[in-house]
Amino acid sequence: MSSPLEQFVIKPIIPIEVAGIDISFTNSSLFMVLAVVVSTLVMALCLRKRTMVPGMLQSIPESLYEFINNLLRENVGVEGLKYFPFIFTVFVFIAFGNLLGLFPYAFTFTSHLTAVGSLSLVALLFNIAVGIKNKKLGWLRTFLPRGIPLALAPLIVPIEMISFLSKPFSLTVRLVANMTVGHIMLKIIAGFVVSLGILGIIPLLFNGAIVCFEIFISLLQAFIYTVLSCIYLGEALHEH
C-alpha cells in the first residue's frame with residue numbers, strides 16, 4: 001500500500017524554468033484550472049435556460065447568489081455588496097477545489113499551504129486596498145483604535161499588526177488541516193479495502209460514509225473561509 005501522504009506530492013506536468021526559477025505547470029496548477037473551468041461550466045449549464053419561475057438547475061446558482069448576498073449583508077453591511085464578485089469567486093473556487101479533490105486520482109490543491117496561503121494573501125491585500133480606498137489615511141487607525149491613549153501606541157500597534165498579519169495564517173491553516181486529515185483517512189481506509197479481500201466490504205462501507213462526510217466538510221470549510229473573508233472585509237470598511 002502506498003503512503004497516504006503520496007497524494008499530496010506536487011508533480012510537474014509541463015516542466016518550465018525561467019532564469020533558474022521553476023514555474024512548471026503542475027498537478028496542483030491543473031486542478032486549479034479545472035476548478036475554474038468546471039465551476040464556470042456548471043454555472044453556465046444551470047443558467048442556460050432561464051425562466052421567471054426557476055427550475056431545479058436554475059435554482060442552484062440563484063440560491064448560491066442569495067446565500068453569498070446574505071453573508072455580505074450580515075457580516076459587512078449593504079455597502080459590502082459592491083464586493084460581491086470577489087467573495088462569490090472565493091467561495092466557488094474553494095468549494096470546487098475541495099470537491100474535485102474527492103474524486104479518485106484527483107489532486108486537492110486546497111490541502112497545500114502555498115496554494116491556500118497565496119489566496120489568503122490576495123484576500124488580505126484586497127482588504128488593505130478596500131480599507132485605504134474607503135478610509136484614506138484613517139485606515140492606519142486599524143493599528144491604533146480610537147480611544148487608546150497615544151502613550152500606549154508602542155504596545156498596542158505591534159499587537160494590532162501581529163493580529164492583522166495573522167489573518168491569512170488563520171484562514172489558511174484551518175482549511176489546509178481539514179482537507180489534509182480527511183484525505184489521509186480516506187487513503188488509509190481504502191488501503192484496507194484492498195488488503196482484506198472479501199472482508200474489505202466493511203471498510204468500503206465505512207469509506208463511503210467518510211466520503212459523504214467529506215463532501216459536507218468541503219462545503220463547510222468553503223463556507224467558513226468565506227465568512228471569515230467577509231468579517232475581515234467588514235473590518236476594513238468599518239471602525240473597530
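**Entry 1: ground rules**

I am working with a predicted model, in which local features need pLDDT of at least 70 and side-chain atom pairs count only at pLDDT 80 or more, while totals for chains, interfaces and linings use all residues. Residues are numbered from 1 along each chain as its sequence is written, and side-chain values use heavy atoms, with hydrogens and water left out.

**Entry 2: the chain as a whole**

I looked up the secondary structure and found seven helices and four strands in the protein chain, where helices are DSSP runs of H or I with at least four residues and strands are runs of E with at least two, numbered from the N terminus. Read along the sequence, the pattern is β-β-β-β-α-α-α-α-α-α-α. The C-alpha trace spans about 70 × 50 × 40 Å along its principal axes.

I then noted that 40% of the 240 residues are buried; buried stands for under 20% relative accessible area, exposed for over 50%, and partly exposed for what lies in between, with a 1.4 Å probe and protein chains only. Among the contacts with a separation of 6 or more, 67% join residues 24 or more positions apart, a contact being heavy atoms within 4.5 Å.

**Entry 3: α2 against α7**

For the packing of helix α2 (residues 56–75) on α7, I read that the axes come within 9 Å and cross at roughly 40°. The axes are lines fitted to C-alpha atoms, for helices over the stretch in contact, and angles run from 0 to 180 degrees between N-to-C directions. The two helices α2 and α7 are therefore oblique to each other, given that angles under 35 degrees count as roughly parallel, over 145 as roughly antiparallel, 65 to 115 as roughly perpendicular and the rest as oblique.

The crossing of α2 and α7 is right-handed, a term used if the near helix is turned clockwise from the far one by less than a right angle, with left-handed for anticlockwise. From α2 the contact takes Phe67, Ile68, Leu71, Leu72 and Asn75, and from α7 it takes Phe223, Thr226, Val227, Cys230, Ile231, Leu233 and Gly234. I sorted these residues by class as nine nonpolar, three polar and no charged; Ala, Val, Leu, Ile, Met, Phe, Trp, Tyr, Cys and Pro count as nonpolar, Asp, Glu, Lys and Arg as charged, and the others, Gly among them, as polar.

**Entry 4: α1 against α3**

I next checked α1 and α3, which pack at an angle of about 110° with their axes 9 Å apart, and α1 and α3 are therefore roughly perpendicular to each other. Here, too, I noted a right-handed crossing, with α1 passing α3. The α1 side of the contact consists of Phe31, Met32, Leu34, Ala35, Val36, Val38, Ser39, Val42 and Met43, and the α3 side of Phe88, Val92, Phe93, Phe96, Gly97 and Leu100. By class, this contact of α1 with α3 holds 13 nonpolar, two polar and no charged residues.

**Entry 5: the largest nonpolar core**

I counted 42 residues in the largest nonpolar core, and Ile68, Tyr225 and Leu233 touch the most other members; such a core is a set of buried Ala, Val, Leu, Ile, Met, Phe, Trp, Tyr and Cys residues joined through side-chain atoms within 4.5 Å. At least two residues of this core come from each of α1 (27–46), α2, α3 (84–100), α4 (113–135), α6 (167–195) and α7, and α3 gives the largest share, with 12 residues. Leaving out residues up to four places away in sequence, isoleucine 68 touches Phe84, Ile87, Phe88, Phe91 and Thr226.

**Entry 6: single residues**

Serine 229 is in helix α7 and is buried, with a relative accessible area of 4%; beyond four places in sequence, serine 229 touches Ile87, Val90, Asn127 and Leu171. Glycine 208, also placed in helix α7 (residues 201–237), is partly exposed at 34% relative accessibility.

Finally I looked at backbone angles in loops. Alanine 19, in the loop between β2 (17–18) and β3 (21–22), has a positive phi of about 55° although it is not a glycine, and is exposed at 77%. Tyrosine 105, in the loop between α3 and α4, has a positive phi of about 65° without being a glycine, and counts as exposed at 86% relative accessibility.
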